[in-house]
Every structure is written in C-alpha cells, then in structure tokens.
Amino acid sequence: MSVPRSVALERTFYTLSAPVLAAAPNLFADSPVNTVVQLAGAAGVSGWVLAAKSNEPGAGRKILRWSPLVTAAAIDLAAGYTVGWGPWCLDGLLAASWAAAGLFVMPFSRHARRRHRPALATPAPAPQLQEAPKPSLAQPDDGADNFTRQVRWLWEERGLPGRTIVVMATPHAGMPNDLSLLLRASEAGRPISSLTEEAVAAAFGVDITDVRIEDVPRQYGREGGPGWKEVHVTPDLNERRRKAPTTHEWWADRIGGDRGPVPGSQFIKKIRDHDRKVTHYIAQVPDELGEPRVNQDNLAAALKTKYDDGRLFVTVDGNQVLVSLWDSSPLAQIFPATRELLTPDKDGRWVTGYLGNGQPARNRVYTDRGAAHGLFVAPSGGGKTQLMGLHVAADALFGAVVWLAAEAPDEKAAKLGEYTDRYGVGALYMIRLLRTLDALMEIRGEMVWEDGRVYDWDPKLAGCPYRMLSAYLDEFLSAARHGDYGADIMDLAEKVSVKGRKYGIGLKVAGQSIYVQDGFTQLLCENLRENCIPVILKVAPKKIADMFKALGISSDNTPDALPRSFSPAEAGRIERVMRGEPEPPTDSNTGGAGWIVEAKHPEVLRTLFMDFKTGLDAYFPDMVASLTDYEIRELEARDLWFDWTEPPRPGEFGPEPDDEDDDWDGEDKPKKGGGKPRRPGKSPARRDAVTSPLQALEAIKNLSGV
C-alpha cells in the first residue's frame, strides 16, 4: 500500500529530529538550535490560544497540529535544566517518546484537513444517474443553506400554515430551539391574512406566548408589505426571560407593557445609591405619547412593595420618569435641624426638610416681590409648632425681627418666644400686634433710604433703613372667631397680607384649616398662597381634596393620602392569631410628614426635627433683632408700643361709651374697655351660627325687632 507523501515526510522529520532534540541542550547549551526549538514552541502556544478562542469548528484539530512544537520546546527546556543526560538518561527517553508519539499520531498529516484523502487503493465509485428531485413548493431550488432547507421541509410537513412558504430561516446563537422565519404568501400578489400565532406554535410544538409575528418593511432588493411576514419562535429565550430576566426585559414585561403601570415606557438605566439605600429606575416614553401615565399602586406591586409603605416615589420630568425605591421609607427617618440647614442662602432659601425622593425641600424668607408670607396647616400633633420653629430660626438667622402671637398658651410656642423680639398669648395680643404692623407699613413707607429716596423693600438693594419683620400668628382661625376682636383681626391680617411684603413685613399664619368657610377671607387666602410656599402636614384623607383645592391645586395634581404609619408591619401575624396574642401597637411616626406646595405640584416631605428638650440655642443667632429707634418712637407717638399683655386701655379700640347715653342699649352696647361696635357689613361671630329652623326663626325676629 503506498503511503501519502505528507505522511512519509512527517515520519522522517520526527526520526531525524529526536536525536537533535536530546543532544542539543546537553552538548551545546548556547546552540541556536535551542533558540529555534523554543521559538517554535512559543509559536505553537500562540496557535493553541487562537484555536481556543475561535468559534469556528475544527479547534481540536488545530490544537493537535501545534502540539509537536509545544512538546518539543518543553522537552528542550527540561533537558537544559537536568544534570547531564538526566537520571536514567531521561533526556533521551523523552526525545524518543516525542518521536514515537509523532509517528503514531501524525498530527499534521491527519489533522491538516477536515476530510481524509481517500486511500489510493480504493477505487472511485462509478458515477450513476439519479432521478431528479420533484419540484417542491416549500423547498425551491434557490441555493438556501441546510438549516433553511430543513425548516422548509418541516413547514411543508405541517401543511404550510397560513398558506405561506419559508424564504429564509435563521437560528439564534446560543438558543438551540429559537429561530426567525421570513415568510411570504405562497401565491404571488396575495396578502398573508390567515397566519396566526396558534398555527405557528402548533407547527413547531411550542406555546403561543413563544411566537411573535411582525410586519416586514420594504427593503432595497427585497419586497415587503402585507404579502410578507417575519416570525420569531423563541421558547428558549422566553424560558430564560421568565427565570432570569435582565432589567430591560423585566421592565418591558412587567412595567412598560400596554397594561403595565407605566404603559409605553422604555427602560434607560438602573442606579443603586448604597449610601442613601435607594434604587433609582429611569425610563422614558416616546414623545408622541406625551407625559408618562403612572399607576402607582400597580407599580408598587411590580416592585414588590405597597404604595402606602412610603418607600416608593415617582418623579415625572417631561417624557422621563424616575422611580425611587427606598430600602425603608425616608419619611420615617429623623432629619435633625442644624444652623447650616436653616441659614438662608443668597437667594433667601433654606432647607425645611427632605422630599420623599431624597432631595432637600426648601422654603424662603423673601421672594422677588418682597418679604415672604407663610402658611402652615396641620391638625393637633401634626408638627405645626416644630415647623413654625424652623421658620422662626430661619428668619432670625437672616437678621429679621420676629414677633410671635399665639391664640392659647403652648409650651413649645413659649420656648420659641424666648428667641423672638416679642411674644404673647391671646386674641388681644394678636390684634395689638396686627395694629402695630398696620402702623409700621405707614411708617416704613415714609422712611428715607441712604440715597435720600424711598423704595419698596428689597433685600438686594443697599441702604435700607429698617429690618425685615416676620409676624407669626399661631392658631389664627381660633383668634379670628373671637367675639370682640375676631373681625378686626381678620381685617388687619388681610391688609398686612396685601401690602406688608412691600415694606419688608411677612405674615406667617399657622392653623388647622385654610378653608374660607372656617374664617379665612378669600383675599387673605390668595395673598398668603401666592407669596409663600405653603406646608401642609398630616391632613385627614377625607380633607385632602378640599384642602388642596383651596390652595389652587388642580384635581390632577391632588396627592394621595399619606399612610397612617411609615413603620413596616411586623411579620408573624398568622402565628399571633393562632396563639391568640394581640397585635403589636402601631407606631404612627408621621409627625412632620406632609406636603410642600411650590408652584402647582405638591411634593411629599418630612420636615427637619428641632429638639426643644435639649434647648434651642444651637439653632438661633446670639442676638435678637428688634425695630429701629425711629420706628419705636413713631409707634410710641401713636400709642402702639407698650406691653401688649396689659388689659385693654380706655379708648384703645374706640371712644368709651357713656353709661348715661341711651344711644347704646341692650346687647348692642360694647363691653367696657373692649372692642368697638361692629361696623356695617361685618359678619357676626361664628359661635352664634344657626343650626336649626327654630334658631333661624328666632334670629329673623331679633333682626326685625318683632
């Protein structure tokens, strides 16, 4: 039997090279032969690396082809490090083994080609005529690859679903059962109308959800339109997607779908803030869909939380949406107040608290229209006095004069009063404070600035002869219902809210309501709302819609109610029920939580915590600002600057009535030293409100004198 030339040459090479491989390192240590052998071995290692990285078939054959060179280099290095010929003539044994292995395996001759050459003694088969294959509709002779031909055969065996034929089939890399099909109608010029996911799924034996049919746009060199369809069969991909989806896939399946919490949205990126323990998801919707529509309850379910846990917050910016998921609710955290946070910056802004998304929530001591007013709304225990303390400290750190009037004694309010220029309790004190503010507007309107002119107050304009003044009225609506002073309190507050900002006077009103029907005038409510950043704390769920409507917030922007507690429910309720144990008490921990209303969109926030028990020195400046000497002299001249806690002075609220004067009699007679008689158009105190038909009839009789 003749031997191929390549085999004979390779055997000769191994036979002649073995003695050289054994002798060269021992006889000539610095011989160039050793260098050549080692370089050849390095080339063989490089060939191994390239073969291992290659995705093409035949990597094993390539590795075997390079193995003689790598083995020879290894033997050459070993022979160079052994003493002499090595123990038991190891160098010669290794070289002989290398030659024998090469002769037996013959890596190059047998593995240089994919198919061995036929033996020379084997006669070539005589060509025979074969019957031409019958033309097949599913397998046209267009030179398609083997995979496409197999799919065409299967498609034909399944009855050509939808009366279509396979133009091309493409397997998906790494997914042995996934493929894409390019189909066209079996009849030219006819649209594909009866092809369904069910028919394709039945043809390939997969679920309907594993099939997706898409339209084919017209491309250069290929038709498109209704006579063509592209089908994706992806059982492996869907199986992996169900078990271990990527974030993009999870968002598309659970959130961005047509029925998802944010329909039409496309995931952009996910960011984990380890320091703040929050995960941010950023997505966007196409411009043609407009502003993203967010169903927060469904979104919370997709993120495996509850909306009322206070851990999920959504921020919409144009066509983008930011979803922030906290490990624990930021509204349950305590944010200590500091002088740095409370000190206003160059624009008059300071940190009131932190929003649900972690951003600092800022209020202001002045606006571009003058001194800022204030509006604080919270029920009893909602954190109103805490919030008022933050504002008092911010005004004091700005250098403003601060006055505080409370309708009733309060421990925290009294503590704040120690850091203000004036503090008092009661409706009488409040009306005196407001009358002084009314006079101050007149006084300041005539005070000349350094350049000899008179200006409206502007903190950025040099040469102002007076300080900003902030007047705080706690439980204002209760004082506005006072039988003797309530009407005047409301009138004066309305007047100061209209003009005070121009003279550096800010009116800060705190109460449990902002409803006009509860005592606010419409003008007072509008002026406060437009010249301040209102803060609403812990509103009852049933009052939220009306409360924000009174603030001018549209129904679309009206927020949902806050949860009754931000603490997560304790696990093990089933076990407690089975053991007959009571549920643990609920920690409400919602004091200071509410909304800050800047512009027209309320944002959830948690206000800073001011520790009244340890003292307030750290929050306030060392000096308490007061009025200028000129202002005090002018107020004394008007008999308005004195101890406002004194009983009413004779004639303070109008001329004293003469006891013998019959012009005033009965209930219309004002109290001695008290308020002046009500002027026409003034509404009576709400404590005499009519609540029944009999009371209405009695009131009519009294008015008519019957």
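Student: Which residues form one aromatic cluster with W250?

Tutor: This is a predicted model, and side-chain atom pairs count only at pLDDT 80 or more. Across the whole structure, 18 aromatic pairs turn up. The cluster takes in W250 together with W251, F267 and Y281.

Student: What is the geometry of the aromatic pair W449 and Y455?

Tutor: The ring centres of W449 and Y455 lie 5.3 Å apart.

Student: Is W449 buried or exposed?

Tutor: The relative accessible area of W449 is 4%. Buried means under 20%. W449 is therefore buried.

Student: And how does Y455 count, by its relative accessible area?

Tutor: Y455 has a relative accessible area of 24%. The partly exposed class runs between the buried limit of 20% and the exposed limit of 50%. Y455 is therefore partly exposed.

Student: Which residue lies over the face of W641?

Tutor: A charge sits over a ring if NZ of Lys or CZ of Arg is within 6 Å of the ring centre and within 35 degrees of the ring normal. Over the face of W641, at 3.9 Å from the ring centre, lies R422.

Student: At what distance from the ring centre of F612 does K412 lie?

Tutor: K412 lies over the face of F612. The limit for such a contact is 6 Å from the ring centre. For K412 the value is 5.5 Å.

Student: Which element gives the largest share of the lining of the second largest pocket?

Tutor: The second largest pocket holds about 910 Å³ of space. Its lining has 33 residues, and Q296, Y307, V314, P559 and H601 are the closest to its centre. Two or more lining residues come from each of α10 (296–302), β7 (312–317) and β20 (601–607). The largest share is five residues, from β7.

Student: Which domains each give at least three residues to that lining, and which class leads it?

Tutor: Domain 3 (248–328) and domain 4 (348–537 + 594–635) each supply at least three residues to the lining of the second largest pocket. By class, this lining has seven charged, nine polar and 17 nonpolar residues. The leading class is nonpolar.

Student: How many residues of each class line the largest cavity?

Tutor: The search of the whole structure gives one cavity of 30 Å³ or more. The volume of the largest cavity is about 30 Å³. R432, R435, T436, D639, L640, F642, W644 and E652 line it. The classes are three nonpolar, one polar and four charged.

Student: How far apart in space are I505 and A400?

Tutor: I505 belongs to strand β17 (residues 505–511). I505 is buried, at 0% relative accessibility. I505 and A400 are 105 residues apart in sequence. From C-alpha to C-alpha, the distance is 9.5 Å.

Student: Why does L160 count as buried?

Tutor: L160 sits in the loop between α6 (146–157) and β1 (164–172). Buried means under 20% relative accessible area. L160 counts as buried because its relative accessibility is 17%.

Student: What is phi of L160, and of E475?

Tutor: Most residues other than glycine have a negative phi. E475, in the loop between β16 (469–474) and α15 (476–480), has a positive phi near 55 degrees. Phi of L160 is also positive, near 50 degrees.

Methods
Residues numbered from 1 in each chain as written. Predicted model: local features only at pLDDT ≥ 70, side-chain atom pairs only at ≥ 80, totals over all residues. Heavy atoms only, no water. 1 Å grid on protein atoms, 1.4 Å probe; cavity = no way out; pocket = protein on both sides within 12 Å on 5 of 7 lines; lining within 4 Å. Points joined across faces, edges and corners; volume = space filled by probe spheres on them. Helix = DSSP H or I, 4+ residues; strand = E, 2+ residues; numbered from the N terminus. Nonpolar A, V, L, I, M, F, W, Y, C, P; charged D, E, K, R; others polar. Domains from an automatic or database assignment. Phe/Tyr/Trp six-rings, centres within 6.5 Å; stacked < 30°, edge-to-face > 60°. Buried < 20%, exposed > 50% of the residue type's maximum accessible area, 1.4 Å probe, protein only.
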